[in-house]
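Please examine the sequence and the model shown below.

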Amino acid sequence: MTTAATTPTRTESRKRWTPSQIVLTLLGTAVSAVFVAPIAAALLTSFKSEAEAAEIPPHWLPEVWTGQAWKALLETGNITNWFVNSLVVSVCVTAIVLVTSALAGYGFARTEFRGRHVLMGVVMAGLMISPAVLGVPLFTTVQQMGMVDTYWGMILPQCAPAAMVYILYKFFQGIPRELEEAAFIDGAGRWRVFFTIILPLSRPSLAAVGIFTFISSWNNFLWPYMVTNNPDLMTMPNGIATVMNSYGIQWAQLMAGGLMAGLPLIVVFVFFQRQIVAGVAHTGLAGQ
């Protein structure tokens, strides 16, 4: 005779929210709304007519929904060319910055040479200088090198960010030296240690540096505007800024263009946000 034992199922009561959790949730919702509101306003404005978009005071929802701004932007603007130019410049800048920042950061963190601290101080001084201040001397240098209205003229001046060198420098300092010393004992050279030990351990920081650099280069408006007058070399921010006519700025088209320009960055952040958070955590910048 077999008896079937029934195990009673316990239903755990859901914990009630504490006052602190409620306050933090409401605060997080309010902050999120502040950041989402401009994107929502741009999206809704892009579906208004130009006359309605220019009305004062503005209103959120369009009275008549229309995709005329998107259609006009695609027909009159060279969106494909702007996108390709931005992609070429941003990818090249990101690749060069990753190589130079990794080499410079590792050199400062691990090699001993005369004047290392002075040179590191010079690099760190670059964090205190606004890029706008360097616009005129950089343009003069690029002009003398014959790189005005070229891809290289837009790429090379963006390839020496002191902040990225510092991020990787701080990370390399946190890697135990015992790992390198063990490799040196086994007969590995400095370059082999760098490529087979240091770089694999640095993937989170390298991913963060690459993403930050790509976003910064994609959003850069001032330098491409200064260094090129060729419409065929316009990047997305520069191309969208030309959405004007004799009556002034076309606000609906401008909002549509801004959303087009920001869409790749939103995609990058959505798919790589874990690498961004991990990179900031591994570099030690969170506590500074």
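The secondary structure of the chain amounts to 14 helices and 2 strands; helices (H or I, at least four residues) and strands (E, at least two) are DSSP runs, numbered from the N terminus. This is a predicted model, in which local features need pLDDT of at least 70 and side-chain atom pairs count only at pLDDT 80 or more, whereas totals for chains, interfaces and linings use all residues. Residues are numbered from 1 along each chain as its sequence is written, and side-chain values use heavy atoms, with hydrogens and water left out. Of the 288 residues, 33% count as buried, that is, under 20% relative accessible area (1.4 Å probe, protein chains only).

Consider helix α10, residues 190–201. Its buried residues are V193, F194, I198 and L199. Seen down the axis of α10, these buried residues fall within an arc of 145°, so they line one face of the helix; the arc is that of the directions from the helix axis to the C-beta atoms. An α-helix has 3.6 residues a turn, so residues three or four places apart point the same way. The cover over the buried residues of α10 includes α4 (79–110), α8 (162–174), α9 (177–185) and α11 (203–219).

I198 also belongs to the largest nonpolar core, which has 33 residues; I198 and F172 have the most contacts inside it. Such a core is a set of buried Ala, Val, Leu, Ile, Met, Phe, Trp, Tyr and Cys residues joined through side-chain atoms within 4.5 Å. α8 gives the most to this core, with 8 residues. A second, separate core of 15 residues includes I79, I211, F214 and W218.

Definitions and conventions. The expected span of a helix is 1.5 Å times one less than its number of residues. Buried means under 20% relative accessible area, exposed over 50%, partly exposed in between (1.4 Å probe, protein chains only). Contact means heavy atoms within 4.5 Å.
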